[in-house]
Amino acid sequence: MLTAIIALGVLSAVIGLILGYAAIRFHVDSDPVVDQVDALLPQTQCGQCTYAGCRPYAEAIAAGEADINQCPPGGEVTIQNLANLLGVDPKPLNPEHGQHKEKTVVRIDEQVCIGCTLCIQACPVDAILGAPKHMHTVITSECTGCNLCIPPCPVECIHIVPVKTTLRDWSWPLPAESAHG
Amino acid sequence: MAEAQRAPLDLSFTQRFHFHGGLRLEVCPEVAAARPVRHAGIPARLILPLSQHIGEPARCLVTVGERVLHGQCIAEAVGKVSAPVHASSSGTVIAIEPRPVPHPSGLPALCVVIETDGVDQALGDSTAIPDFRQLEPENLLEQLRAAGIVGLGGAGFPTAVKLEHKQPIELLLINGVECEPCIACDDGLMRERAVDVIEGVRILRHIVQPAACVIAVEDNMPEAEQALRDALQQLDEQDIRVVNVPAIYPTGGERQLIRVLTGREVPSQGFPADIGIVVQNVGTAAAACAAVSRAEPLCSRIVTVTGDGVRSSCNLEVLIGTPVRHLIEAAGGYADRIERLLIGGPMMGYTVNTDEVPVIKTTNCVLAVTARSMPAPPPPQPCIRCGKCTEVCPAELLPQQLYWYTRAASYDAAQEFGLFDCIECGCCAHVCPSHIPLVQYYRHAKTEIWSQEKQKRAADIARTRHEARLARLQRIKQERAEQLAKKKRAVTGKDAGDAARQAAIQAALERVRQKKEQSGTTPRNTDNLTPDQLRQIEEADRRRRNRSTHGDDT
């Protein structure tokens with residue numbers, strides 16, 4: 001009896017020590033779920049999900065405060081990926097947050113721009129270049145298409161332009177399915 | 001694959017191995033007549049796309065209105081995996097604009113359009129090297145790169161990049177097997193220009209330095225084989241062997257040809273160089289010969305024009321950039337109302353919507369078909385899981401599994417089942433009893449995976465930029481706060497305590513007040529007033545008094 005108690009006691013103490021050590025040794029600072037969710041979001045930083053960016057939305061999803069269908073730029077693909085990651089059922093995009101659209105970028109009409117820097121302050125990814133009272137321009141390759149720069153512009157010189165498909169990013173269409181498909 | 005595990009190559013090449021599956025396809029009846037190579041002539045306009053190869057598109061070097069000469073470089077390579085473009089005849093640049101190009105998307109791409117003058121004046125500064133053995137392999141590679149040579153077998157990978165390898169190479173394999181039935185451009189080349197081919201092979205061999213060198217042809221092209229043997233004799237070349245392989249589609253595929261001749265398997269997602277083999281097309285060898293021995297950049301190639309939609313099938317030597325319509329005219333024009341115009345063969349070719357598209361470096365065949373020979377495919381029926389596709393797949397994949405995963409957009413699963421090992425040969429779709437366009441599903445999945453990866457990379461960049469911005473804003477905020485605190489400390493801080501300071505401020509305020517009192521309390525602007533103004537002041541005072549008494553009441 002006593003041997004059993006001592007044996008089990010020693011065993012649990014040893015295991016406890018190992019677990020305690022592992023908890024310190026392999027400690028992860030950030031919540032891995034937040035990182036995983038964040039990795040699936042399109043990083044547009046548009047705020048259409050009502051959060052201040054993709055990471056805050058990822059934190060809200062991880063905390064169970066936000067639903068997975070609030071990201072219009074990600075659309076169905078993102079919802080499906082989030083559903084797979086979190087083991088929940090995918091649901092259609094919540095129309096309150098907007099419609100999924102093809103990716104666009106913005107362009108500044110350089111003749112009209114007065115150099116007020118308001119759009120530079122609004123851009124979440126620093127994709128607008130310019131200085132006070134000097135013409136601004138959008139670095140198209142870095143623009144995420146969040147359109148956050150459009151409302152602050154006092155002279156309405158920022159326009160949305162679609163991203164043209166080129167030979168290099170063209171995708172073969174999925175063959176049309178027959179009725180029996 | 002470890003070097004030690006590999007069995008040494010049987011250099012006699014007497015044994016033929018088999019790759020899994022494949023099909024014995026009928027050779028198109030028209031192709032027999034296509035053998036002699038004719039020159040298609042100089043078209044009125046040449047349309048030269050800046051991207052005729054795998055890799056970065058070339059950067060244009062000419063302007064509209066500029067006169068260019070035959071062989072002049074009109075667009076330079078950008079980065080390593082890229083190739084320059086040369087004017088294939090002399091003339092004037094009349095436009096640099098997006099034009100339809102031979103591509104399954106039908107999208108236009110940037111092209112240089114040259115109006116030819118018919119003189120075909122060549123660029124003077126020739127750097128022809130009569131004996132390539134005097135040059136180091138690196139210099140020869142540079143020569144091939146500058147000549148804009150890319151794989152002429154179909155993929156268009158820059159040849160110089162493919163020839164640079166770190167592993168020692170045992171075998172240089174020259175691919176003279178046609179990609180598909182109906183195509184006879186390599187056959188025509190070997191029959192008529194065998195000496196060029198052999199000379200080119202020697203140049204490639206000098207660069208690669210392999211232990212052995214073999215030219216493979218199909219067993220149904222005895223004339224080509226004989227021509228090559230004659231050329232070997234003529235050049236007194238002992239170390240290049242010519243072997244034939246059975247004409248089973250798709251033996252022309254790089255991996256399949258290696259399998260048939262050596263029994264070796266190129267690793268999944270790997271390259272032939274990983275197992276000590278380099279494969280080059282016979283057309284590429286001939287182009288290398290022209291580039292080195294005659295200093296001619298890649299300006300023309302042989303194209304088979306065939307199908308029952310043209311009057312007389314033929315092999316044409318065509319200037320790069322020649323519109324397809326010009327080729328059709330050289331082949332006697334359309335025979336009938338054509339159903340489809342394909343670039344490439346019947347198995348892997350793709351439809352183009354217009355015969356305005358130009359011939360580019362990788363165009364090996366133009367196929368014009370009528371509804372008679374290639375009727376529209378019947379509507380696809382459900383997959384019955386018969387497994388015929390699996391039997392014929394030369395890459396030993398499970399086509400029906402790939403099909404199901406692609407349809408369900410389960411791209412990860414499709415990749416696990418070897419989607420990227422699919423060579424898109426079309427055997428599976430050819431035998432499918434349900435007429436499912438299987439290859440198009442795989443092509444869709446591949447391009448979709450690439451596009452998702454691209455989006456992911458863009459998202460990662462956007463995340464980094466956003467985080468950098470947040471960090472910067474945070475830093476600025478902190479710096480401002482620190483500066484403010486510092487200023488505050490400068491004003492307050494250091495000497496005496498708060499109470500003493502307050503007392504000093506109070507004393508100062510007191511001094512000011514006293515000074516004001518001493519200087520008199522009467523406002524200056526009440527002197528010398530008119531009686532009217534005095535009355536107004538009195539009225540105002542009365543009102544104020546009234547209000548205050550009224551206010552007291554309440």
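**The sheet in chain B**

Reply: Let's start with an open sheet of four strands in chain B, in the order β11-β10-β9-β12 and with parallel pairing. Bear in mind that this is a predicted model.

Me: Which strands stand at the edges?
Reply: β11 (240-245) and β12 (277-281) of chain B do. Each has a single partner strand, so one side of each is left without a neighbour in the sheet.

Me: What does the twist average from one strand to the next?
Reply: The twist averages 25°.

Me: How many bridges are there between β10 and β11 of chain B?
Reply: Six, in the parallel sense, with β10 covering residues 212-218 of chain B. To pick out one residue, Ile215(B) has Val242(B) in β11(B) as its bridge partner.

Me: And which helix packs there, touching β10 and β11 of chain B?
Reply: That's α5 of chain B, residues 222-234. The direction of α5 makes about 170° with that of β11(B).

Me: What about α6 of chain B, which strands does it lie across?
Reply: α6 (residues 254-262) of chain B lies across β9 (171-175), β10, β11 and β12 of chain B. Relative to β9(B), α6 runs at about 120°.

Me: Back to β12(B). How many of its residues are buried?
Reply: Five of the five, so β12(B) is largely enclosed by the rest of the structure.

Me: Which way do they point?
Reply: Ile277(B), Val279(B) and Asn281(B) point one way from the strand, while Val278(B) and Gln280(B) point the other way. Residues pointing either way from β12(B) are all buried.

Me: How many bridges does β12(B) make with β9(B)?
Reply: Five bridges, and the two strands pair in the parallel sense. Within that pairing, Leu172(B) has Val278(B) in β12(B) as its bridge partner.

Me: Now the loops. Where is the cis peptide bond?
Reply: From Tyr249(B) to Pro250(B), with omega near 0°. Pro250(B) sits in the loop between β11 and α6 of chain B.

Me: Which loop holds Arg385(B)?
Reply: The one between β17 (365-369) and α9 of chain B. Arg385(B) has phi near 55°, a positive value in a residue other than glycine.

Me: Is Arg385(B) buried or exposed, and why?
Reply: Arg385(B) counts as exposed because it has 12 C-beta neighbours inside 10 Å, and 12 or fewer puts a residue in that class.

Me: What about Ala409(B), what's its phi?
Reply: Ala409(B) has a positive phi of about 60°, although it isn't a glycine. You'll find Ala409(B) in the loop between α10 and α11 of chain B. Ala409(B) counts as partly exposed, with 16 C-beta neighbours inside 10 Å.

Me: Next, α13 of chain B. What should its residues span?
Reply: At 1.5 Å a residue, the 54 residues of α13 (residues 438-491) of chain B should span 80 Å. The end C-alpha atoms are 79 Å apart, which agrees.

Me: Which residues of α13(B) are buried?
Reply: Among them are Leu438(B), Val439(B), Tyr441(B) and Tyr442(B), along with Ala459(B), Ala462(B) and His466(B). Arg443(B), Lys446(B), Arg463(B) and Arg465(B) are on the buried list too.

Me: And what covers them?
Reply: The cover includes α9 (388-392), α10 (399-407), α11 (411-416) and α12 (427-431) of chain B.

Me: Zooming out, what domains does chain B have?
Reply: The domain assignment gives domain 1 (1-33 + 127-294) and domain 2 (380-471). Their C-alpha centres lie 30 Å apart in chain B.

Me: How is chain A divided?
Reply: Chain A has domain 1 (32-97) and domain 2 (104-162), with C-alpha centres 26 Å apart. Six residues of domain 1 of chain A are in contact with seven of domain 2 of chain A.

Me: And between the chains, how many residues are in contact?
Reply: 22 residues of chain A are in contact with 25 residues of chain B. The chain A side divides into nine nonpolar, ten polar and three charged.

How values were computed:
Residues are numbered from 1 along each chain as its sequence is written. Chains are lettered from A and ligands numbered from 1 in the order in which they are written. This is a predicted model: local features need pLDDT of at least 70, side-chain atom pairs count only at pLDDT 80 or more; totals for chains, interfaces and linings use all residues. Domain bounds come from an automatic or database domain assignment. Two residues are in contact if their C-beta atoms, placed from the backbone, lie within 7 Å. Ala, Val, Leu, Ile, Met, Phe, Trp, Tyr, Cys and Pro count as nonpolar, Asp, Glu, Lys and Arg as charged, and the others, Gly among them, as polar. The expected span of a helix is 1.5 Å times one less than its number of residues. A residue is buried if 20 or more other C-beta atoms lie within 10 Å of its own, exposed if 12 or fewer, and partly exposed in between; C-beta atoms are placed from the backbone. Two strands pair if DSSP finds at least two bridges between them. Axes are lines fitted to C-alpha atoms, for helices over the stretch in contact, and angles run from 0 to 180 degrees between N-to-C directions.
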